[in-house]
Amino acid sequence: MSDPVYHELLEVMKKRGGKYAGMDIPEFFALVEELFTPEEAAVNNAMPRGPFQAAGLAESMGREASEVEALLESMADKGTCVAVKMGGVQFYQSARFMPGILEFQFMSGRVSDRDKRIARLIHDYETACDARTQPPDNEFPVFRVITVDQAIEGGNTVHTYDQVKTVIEQNEDIAVSTCYCRHAAMLRGEDTHGMPMDVCMQFGVNAQFAIQRMNARKVNREEAMEVLKRAEEAGLIHMSQNMADGIDFLCNCDRWHCVAVKSAMAKPKPGVFFNSGFEPKFDPDLCTACETCIDRCPPQALSMGDEDLPEADLDLCFGCAACATGCPVEAISMVSKPGFAPPPENAKAMKEAYKASLAGA
């Protein structure tokens, strides 16, 4: 029988929401007992919404400030809460499981017996949750693909939210960390297919936390663009929140391990659920039918047509441009997808759209 503090933690994580929020199954308790000591679980359960300082939390718990601060510091270093120092003052904040704690475990790139154990426990918990949960087919997508803007054909309307470069230019604080999906897979002994690891980015406050606590590398804008170039050359997918502004992370995802990609592929029409708003256009005069694009396509949406010209199944195609960036003769460009709805303006609008999709399921 688990300590009652972990049962309380279950209810707390449910209220925080997000993917894999909390499920009353053995895999949940096996995971949280590894992630949190009973003392840390009690601190987690007492955290208020929004940023707070250790002294305030200690007062609300009736504990010594030094004792609570030590626990918060340990939790921040382990990625079970967020901690950022601003203006010389240390602030903390609670975290969801996803996005949040489950990713934080692997952003540092650590390799230890405990990390391997956590990777297996998280995988077991996610697998058990997925087996017991069937999301509605019309659920609003909280993540979206951002196509490679250099591959967009001239003459197409390119909004700022369609450009990775814009995200880079808008941020002073940029961090590059280890891809948690691929690193977790590596810790479980799975094949990562030679894909680069240090290509996930955080911006703003998220970047500060990643640099201060998660062993992330602080980079300037030029270095960030070089990271994106490596990701594109490898055929990875640019992915972030499905909204027009306020992007605070940019993942570069593969087809085998990324949670967002695998969730999309479980849908009847992945390309409708998870898309950039662009689709590939093939130049018959340049194409040599080498099939490089077919091999690189993450959702395997391409096939060779009757005229020795690739064809895209738009129910599968993400519009990521992995085909275009890998074409040796530059025969592929990205064009706007007709009738594609723009992303919500901000986080509030995205939450409203998500709630509406669930209500209409």
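Trainee: At what angle do helix α1 and helix α2 pack?
Mentor: In this predicted model, helix α1 (residues 4–16) and helix α2 (residues 26–35) pack at about 105 degrees, with axes 10 Å apart. Helices (H or I, at least four residues) and strands (E, at least two) are DSSP runs numbered from the N terminus; axes are lines fitted to C-alpha atoms, for helices over the stretch in contact, and angles run from 0 to 180 degrees between N-to-C directions.

Trainee: How are α1 and α2 then oriented to each other?
Mentor: α1 and α2 are therefore roughly perpendicular (65 to 115 degrees).

Trainee: Which residues make the contact?
Mentor: Tyr6, His7, Leu9 and Leu10 of α1 meet Phe28, Phe29, Val32 and Glu33 of α2 (contact: heavy atoms within 4.5 Å). By class, 6 of these are nonpolar, 1 is polar and 1 is charged (nonpolar: Ala, Val, Leu, Ile, Met, Phe, Trp, Tyr, Cys, Pro; charged: Asp, Glu, Lys, Arg; polar: the others, Gly among them).

Trainee: What about α3: which of its residues are buried?
Mentor: Helix α3 (residues 38–46) has Glu40, Ala41, Val43, Asn44 and Asn45 buried (under 20% relative accessible area, 1.4 Å probe, protein chains only). Their cover includes α1, α2, α4 (54–61) and α5 (65–78).

Trainee: Changing topic, is Leu250 buried or exposed?
Mentor: Leu250 belongs to strand β8 (residues 249–253), and it counts as buried because its relative accessibility is 3%.

Trainee: What is Leu250 in contact with?
Mentor: Setting aside neighbours within four places in sequence, Leu250 touches Ile146, Val164, Val199, Cys200, Met201, Phe203, Leu228, His238, Met239 and Ser240. Arg96, 154 residues from Leu250 in sequence, lies 18 Å from it, C-alpha to C-alpha.

Trainee: How many cavities of 30 Å³ or more are there?
Mentor: There are 2. A cavity is a set of points on a 1 Å grid over the protein atoms alone where a 1.4 Å probe fits but cannot get out, and lining residues have an atom within 4 Å of a point. The largest cavity holds about 90 Å³ (the space filled by probe spheres set on points joined across faces, edges and corners). Of its 14 lining residues, Cys287, Cys290, Cys293, Cys327 and Ile332 are closest to its centre.

Trainee: And what lines the second largest cavity?
Mentor: That cavity, of about 70 Å³, is lined by 13 residues, with Cys297, Cys317, Cys320, Ala321 and Cys323 nearest its centre. The lining has 12 nonpolar, 1 polar and no charged residues.

Trainee: Which conventions apply?
Mentor: Local features need pLDDT of at least 70 and side-chain atom pairs 80 or more, while totals for chains, interfaces and linings use all residues. Residues are numbered from 1 along each chain as its sequence is written, and side-chain values use heavy atoms, leaving out hydrogens and water.

Note on methods. On a 1 Å grid over the protein atoms alone, a cavity is a set of points where a 1.4 Å probe fits but cannot get out, and a pocket is an open set with protein on both sides within 12 Å along at least five of seven lines; lining residues have an atom within 4 Å of a point. Angles under 35 degrees count as roughly parallel, over 145 as roughly antiparallel, 65 to 115 as roughly perpendicular and the rest as oblique. Buried means under 20% relative accessible area, exposed over 50%, partly exposed in between (1.4 Å probe, protein chains only).
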